[in-house]
Amino acid sequence: MYYSRMKKKSWGFDPKDMDKNVRPQDDFYHYAGGNWLKKNPIPKTESRWGSFTILRYETEKRLKTILEELGKQKNPQVNSPEQMVGDFYHSGMDIKKRNKLSIKPISQYLKTIEEIKTTEDLLYSVSNFHKIGINTLWWNDVDQDMKSSDKNILYVGQGGLGMSDKDYYLKNDKESLRIRNAYLLHMEAMLSLLGLEKKYLKESVGKIYKIEHRLAKASMSKEDVHEVEKIYNKKTISQLKKVAPKIDWVKYFKIIGVNKIENLIVCQPKFFTEVSASIKEVSIEDWRLYLKWHLLRSTSRFLSKPFLRENFNFYGKVILGTKEMKPLWRQVLSVVDGGLDELVGKTYVKKYFDSETKKKANSMVNDLFIAYEQRIKKLDWMGPKTKKMALKKLHAMNRKIGYPDKWKSYHGLRVDGSDYLGNVIRISTFEHRRMIKKIGKPVDRKEWHMSPQTVNAYCSQTMNEIVFPAAILQLPFFNKNIDDAINYGAMGMVIGHEMTHNFDDQGSKFDTKGNLKNWWTKSDHENLRKKTKPLIAQFSKYKVADGVSVNGTLTVGENIADLGGLAIAFDAYQLHLKKVGRKNIDGFTPEQRFFLGDTLFERENTSPEFAKMVAINDPHSPSIFRVNGPASNLSEFYEAFNVKKGDKLYREPKDRVKIW
Ligand SMILES: [Zn+2]
């Protein structure tokens, strides 16, 4: 794997991974990593395999050691990290017991569904499900109020579908039909495992599907969900009652643990109106079927093998194109790691993160801030008034690196070594309660929304901050002993990417403190919008597979971030070069090595199913376009690799998109 191949004196990039038969000016992605892609086919248990997923896998192996070591302690104290982590992991790994129990762990919930006689009973069940983490029909969440970012507020939004996007229900193209037909068969198989007689299967699935189809029709499109103003619909409780009169909201809030509430954000009012109407119009018998299906869908991963297998058949094989299920330890590990995230994370950073890495990351972030500031000052499309505000916002942007200063408490959570699903539900309930308690309280700006052992990064527009967990600050993306061209090209680009999110098509709408409030002059915001148009057009032309194309509108925010991140990281690296001096390595100039470093994040093989799923659902563009797209717009790349008219990546200077 990566670590063993990384020789002692390596500069962080192995030229043997390149495909020299491809010209960098035609397809930089394959030039830089073509051989690597050939040498790293997708394992059967994966739908994608690349530097990102490999690092995730390496991290999983480290976490496994942590989990096993914690579990080895004899007679640990109840509620100690050793007991909770050890017992949770053990309860999941005991597959013999899980097989023996079969559907017993969900029998009490099935019974309450069976007992539903009235719409009141129905809403009572839905509310109780929400409390334990089964978000059917809609979801609830507590987060910063987008227009008053120091306060927390309750959000409710559309849900209730078994397929990830409304288009799968409504469109009739080849890919939608393939997924939809498989979904119907999957529901049949699941209900059959539950014990429903064969003669009722088709009819029952038809009834459930009819409800979901109705919900899908009333759902907001993913492009609209992405537009923050469209989902920010603040309502008082009496206004909410008018939106969805058939739902007893007072009772709902009481059951999910909300004592006092004056207003909330209803992300999709139209959807709630439709849910409200359907509650009366759909028969109770059909609702019982629908709830059973969603109970199964949410819990099958924690039940016996036949359920695991069938869940994998659809969500793994059909949707992602994965051939085999992951081994049990990886399935359970992801659940334990997700459920007790900061408990596991605390041990992880003690073992695998050092202060020198944090120091180096911090100094790189400093260079990126300077580079971004210089770029904003030089912009020809932004007026002085907006520039002043943009710089103010940039200077106020907070950074979090490595791990939180203050860890979450798990006091009072009960974990049982022989009750896997019970543990999952108790943890969901515990976290839901923790979340609900925040309503109306001031926002804790020290809190993290990603665990330190996560190989990823994020930006929060309402916090005006960027966050880089310990686990992403590793090889092949970042290391204190490799060439800094790679550090700036790989990790530096990701940092720049996250920084620009606070100024992208949506992030630009939030002010210094993370409030949804306009600080742009009208003409400057119009200029930004105009600048993004050709980027939408450029990416919409990229083809994925089977006639599926990249969605230029859905991906525009990420594409702005990729382009801006690369430009800013390039300048930051130039600042760094002034301090340390230039040299060539293996015949590559510093600038060439910087761009080679940028490709490291995107090296990835994907199954055709996965590629199509990403193109339909994901706001990120496919890997190849995340490299070639920005490169073809950046004049610094043209210079580094001498790109000329007639080369495939060449775009006329007037067509090259430059935002930051
Ligand atoms: Zn992003």
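Along the chain, the donors of the zinc ion follow the spacing H-x3-H-x56-E. His501 belongs to helix α23 (residues 484–501) and Glu558 to helix α25 (residues 556–580), so this pair ties together parts that lie 57 residues apart in sequence. Please keep in mind as you look around that this is a predicted model.

Which atoms coordinate the zinc ion? They are NE2 of His497, NE2 of His501 and OE of Glu558, at 2.1 Å. Are His501 and Glu558 buried or exposed? Both of these residues are buried. Here buried means under 20% relative accessible area, so His501 and Glu558 each fall below that cut-off.

Now let us turn to the strands, with β3 as our guide. Strand β3 covers residues 148–158 and is mostly covered, with eight of its eleven residues buried. Strand β2 (residues 138–145) pairs with β3 in the antiparallel sense, and a hairpin of two residues joins β2 to β3. Strand β5 (residues 263–266) also pairs with β3, and these two run parallel.

| Strand pair | Sense | Bridges |
|---|---|---|
| β2 and β3 | antiparallel | eight bridges |
| β3 and β5 | parallel | two bridges |

Conventions. Residues numbered from 1 in each chain as written. Predicted model: local features only at pLDDT ≥ 70, side-chain atom pairs only at ≥ 80, totals over all residues. Heavy atoms only, no water. Donors = N, O, S within 2.8 Å, 3.2 Å for Na, K, Ca; no water. Helix = DSSP H or I, 4+ residues; strand = E, 2+ residues; numbered from the N terminus. Buried < 20%, exposed > 50% of the residue type's maximum accessible area, 1.4 Å probe, protein only. Pairing = 2+ DSSP bridges.
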